[in-house]
Structures are given as structure tokens and as C-alpha cells.
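Dear colleague,

Please find the structure below, handed over for your review. My notes on its contents follow directly after it.

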Amino acid sequence: MLAQRLSAPSAFRNLPAFLMMAIVLPLLAGCGYNTIPTAEENARAAWSEVLNQYQRRADLIPNLVETVKGYAAHEKDTLDAVVEARAKATQVTVTPETLKDPEAFKKFQDSQAGLTSALSRLLAVSERYPDLKANQNFLALQSQLEGTENRIAVARRDYIEAVRAYNTELRTFPGVIWASTLYRSAKPMETFTVADEVKKPPAVKF
Amino acid sequence: MRGLGSIERPKPLTPPLSQPKSDISDFGQFKVPNSGKPEFGWEREPTESVARPAANSPSLPSRRRSGVCLALVVVLTFFLALSAAALTFPTLSGRVVDEANILDAGTRTALTEKLAGLEAKTTDQLVVVTLKSLQGTSIEDFGYQLGRYWRVGQKGKNNGALLIVVPGERRVRIEVGYGLEATLTDAVSRLIIENAIIPRFRANDFPGGVTRGVDDIISVLTGDAEEWKQRAAKRPDTVSQSPSTQSDSIWSVIVLMLIVVGVVVLCAMLLGALCLQILSILALAGGRGSSSSGGFSGGGGSFGGGGASGRW
């Protein structure tokens, strides 16, 4: 029977190999072949959410600056610092390559940290103006900013977790095998540094 | 390793020297040669009673035992670390989880009714929870993790909300799920907290504060008649007598039963009687623990950190 198979026409000669592939490939999927792309897509989705929240914060700022300017016009320096920091933060372009490039990632992180500190200075300054603090618009903006800061923190934590899973998959068995053979272009992703994680927006007391 | 030599070791297991040669004793490299003489240093002569390591080679029992000890230590430390890092959340016993015991039974019943009515109307799940402590984290940090752990809100729509009160730390938070962030915005949550809840908490009226807060949240969520009509229309069953949660749970029970039957059949085919024994033990243990109270459970929703907090 083996001799028969060997002398079969060329179309059927590949049949054993084809059958082997049909059996082995689904097993490969079970062996973690899909895990690296899945983890990478998860991390990218988490990253989009982080960018979304940062963008939301950037969108709230012009409104806030206008409201504060109405009551605290002398605080021009602080207001200008916020506007400048916002411009710098929105200027940093983020591409999918930013995730794999430590330099670009650091630049993005620094620009957002700059905006955070400028905002906290502005909110601290606005404490000195009771009229401003009682203004309904300001209260609404302030609660929106606090909510956005919280959402940024949650999105960052989700991203860090997703990147941890992806980087771990690249380094542990069997991911390390797939990474060195079929997924050579998969590189570890950057993650946020711990120092920024513990930074909290200032609590504003009434 | 040298120090372990002073520990008195128990008598090791009888090596398969005395057993007749059969399939069971044929362990490959541990196969005893015909002469009956032990091949490895750890195999004892049947006459030896006191165990002593050979002078040059480290005896395997000590290495194996220290390996087991090390493994046990690592495993226990892992579980210890895990329990230390993770927060412990109260069980979702109903729509009002009063861990800090600040609400009386009448308030709890009234609130549960209102919250059940909200879910029946709009499928939004609002849960009131009072906590004894925040276990060292901030209420924002605790809030979204609790929401995700309980999976409050419908899966896909993420329309869950939590009203969290921590009287011991004097903090309150309205945690809003992804899907409700457009209606129950941060600003609105802040207004509810500042105007309805905190003044009453300052006067030590916890039931009043929580009730008023819940009323306000419900009025915000059901405020736009057009909008909640649209949301209600998206529900699969529009029968008013049996709420959709009941038919959902019946379906999930049926699916679960089919899965269990399938697993049992597969297992029986592959492993035989032993597997059935194991499964029956598991079923007995699991059946007793799976009783649901009141039929309320999270719908699979997630949270993203929206909402507002306040302190008094």
C-alpha cells in the first residue's frame, strides 16, 4: 500500500503532507500561535483608550481657561502656562510606532505630565477666588476635569496591564518560540513609569 | 545540603526489589536489574533500617524533599502575596449591599424596590453599597474595581452605576459605567452629591441622604422620556409580566445543563468510571454552593472611572 501511494500521480503525492497540515495547524492554534497577535491588539485598544482620555482632557481646557480668566485676570502667567502646555501636548504626534519607541513614548509622557502640572497649578490658584469657586460653570468644569483625570488613571492602568500581558507573552514559553520565528517584527511595548501613576490631581475643598 | 544530613530521616519506601517482575515495576530507568543489587545510591538494601547519605554523592531523598519544601514555600508565598495585593470585595447580595450597616431594613426594602423598577424600565443597574473601609486605597480606585468585579450593568451596554458610601472615612462616590457617562455625567453626579447627599450626611441622616441620592440618580437616568423609551425598546422581551432577567436566567441554566451533560459524556468516553466519580463529587460540592439570593446579579458591564466623589 505504501508503494502504491509513492507511485501515485503528483496531485495525490502531497495528500499525506496536506493531511498532516490539516491536523497540525489547528493544534498550533491551541499551542498559543494566536496569543501574540491577540495580546498586541488588546494592548493597542487599551492605548487608544488612553489617547482618547488625554484628548478629552485637552478639549476641556479652553473652556476652563476662559472661565478662570473671567474671574482671575491677574493670574495671567498661570493661564498662559496652561495654554502653552496644552499646545505642546497636542503637538506631540502619536503613531503606532510610538508604542515601540522608548524615546517617542517618553516625549509623549513628558508633554502630558507637563500639562498635568500646569493644570494643578491653575486649580490651586483658583482656590484664592471665592467668586470663581462658587461659579456653577467652574464647578462643572472642575468635576469634569477630576472625572477625566480619574478616567486617564483607569485607562493607563488597563493599558499597563495589557502591555504586561503582551510583553510577558513575548518572553515566556511558548510565545518566545513564535516571537523568534514567525513574529519577528513583534517588539515589546513601552509602558508608563510608576512615578506618574501615583500622581493625583489636587483635591479641591469647598 | 550538608546540614540536612543531621536530620533523622524516616524509613524510605520499599524499593521494587521484593516485588515480582511485572508491568508495574517497569519504570524505565528505575528498572531494577536482575541481580537485585540497587543501581542508584538512594535505593536501599531491604535490610538497612537507618537512612544515611552516601559520603560523596548527595542522596536524592534530601534533594527531593528540599525541592518539595521549596516548592511549597514558593506556592504559599505566592498566595500570600496575592491575598495581600488584591482588594476584597463584598458579595453582591442584592441591589443594596449594606456592609457598614447604616440603613434600616425599611430603607433597604424601599431602595431595592426602586432600583428593581429602574432596571425593569431601562435595564440600567444601579447598586447602593456601603463599605466599612476602603482597605487603604482611594474611593475612586476602589469604585471602578468594585464595579468591574460585580459586573454591574448589562454586557455590551455597560449601563451600570454604583452609589458608594464609606461612613468610616466620610467619603461618597457615584461610580458611573461606560454606557451611562453621557447621561449621568461627572458634573451631574457632583451636583447630586453636593446638593442631595452630603448636606443630609452632615446632619447624620444616612438613610435620608442615600434615598434622596438614589431618587435623584433615577430621575436623571429616566429623565428624558424619549431617551428611556428608546432604551426600553432595545430590550429583547417587551412582556411586562415577566422581566427579561428571568427568561435570561432560564436560558443560561439550560445552556449550563447542556454543557455539563456534554462534559460528562465526553469524560466518560475518555476516562471511564473514575472520571464519573470525580464529577459526582464536584457536582455535590458545587450544587450546594450555587444558590442565588433574590436572583439579582451583575449583567456583565464594565466601568471606566467615570463619576464624581465627595467628602463630608
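Phe108(A) is buried in this predicted model, its relative accessible area being 3%. Trp47(A) is likewise buried, at 5%. Under the ring-pair rule, 12 aromatic pairs are counted over all chains. In one of them, the ring centres of Trp47(A) and Phe108(A) lie 5.4 Å apart with the planes at 65 degrees; because planes over 60 degrees apart count as edge-to-face, this pair is classed as edge-to-face. Trp47(A) belongs to helix α4 (residues 35-71) of chain A and Phe108(A) to helix α6 (residues 102-126) of chain A, so the contact ties together parts that are 61 residues apart in sequence.

Both residues are also members of a cluster linked by ring pairs, which comprises Trp47(A), Tyr54(A), Phe105(A), Phe108(A), Tyr159(A) and Phe192(A). Over the ring of Phe192(A) sits the charged end of Arg156(A), 4.2 Å from the ring centre.

Phe89(B) and Phe142(B) are arranged edge-to-face, with 5.4 Å from centre to centre and 65 degrees between the planes. Phe89(B) is located in the loop between α1 (60-85) and β1 of chain B, whereas Phe142(B) is in helix α3 (residues 139-150) of chain B; the pair thus links distant parts of the chain, 53 residues apart. Phe89(B) and Phe142(B) are both buried.

I turn now to the sheet. Chain B contains an open sheet of five strands, ordered β1-β2-β3-β4-β5, with mixed pairing. Which strands stand at its edges? They are β1 (96-98) and β5 (303-311) of chain B; each has a single partner strand, so one side of each is left without a neighbour in the sheet. On average, neighbouring strands are turned by 15 degrees against each other, direction ignored.

Within this sheet, strand β2 (residues 125-130) of chain B runs parallel to strand β3 (residues 160-166) of chain B, and six bridges join the two. Leu126(B), for example, has Ala161(B) in β3(B) as its bridge partner.

Helix α8 (residues 136-171) of chain A touches β4 (171-177) and β5 of chain B, and its direction makes about 135 degrees with that of β5(B). Helix α2 (residues 105-122) of chain B touches β1 and β2 of chain B, and its direction makes about 145 degrees with that of β1(B).

With kind regards

Note on methods:
Residues are numbered from 1 along each chain as its sequence is written. Chains are lettered from A and ligands numbered from 1 in the order in which they are written. This is a predicted model: local features need pLDDT of at least 70, side-chain atom pairs count only at pLDDT 80 or more; totals for chains, interfaces and linings use all residues. Side-chain values use heavy atoms; hydrogens and water are left out. Two strands pair if DSSP finds at least two bridges between them. Helices (H or I, at least four residues) and strands (E, at least two) are DSSP runs, numbered from the N terminus. Axes are lines fitted to C-alpha atoms, for helices over the stretch in contact, and angles run from 0 to 180 degrees between N-to-C directions. Contact means heavy atoms within 4.5 Å. Rings of Phe, Tyr and Trp (its six-membered ring) pair if their centres lie within 6.5 Å; planes under 30 degrees apart count as stacked, over 60 as edge-to-face and the rest as tilted. Buried means under 20% relative accessible area, exposed over 50%, partly exposed in between (1.4 Å probe, protein chains only). A charge sits over a ring if NZ of Lys or CZ of Arg is within 6 Å of the ring centre and within 35 degrees of the ring normal.
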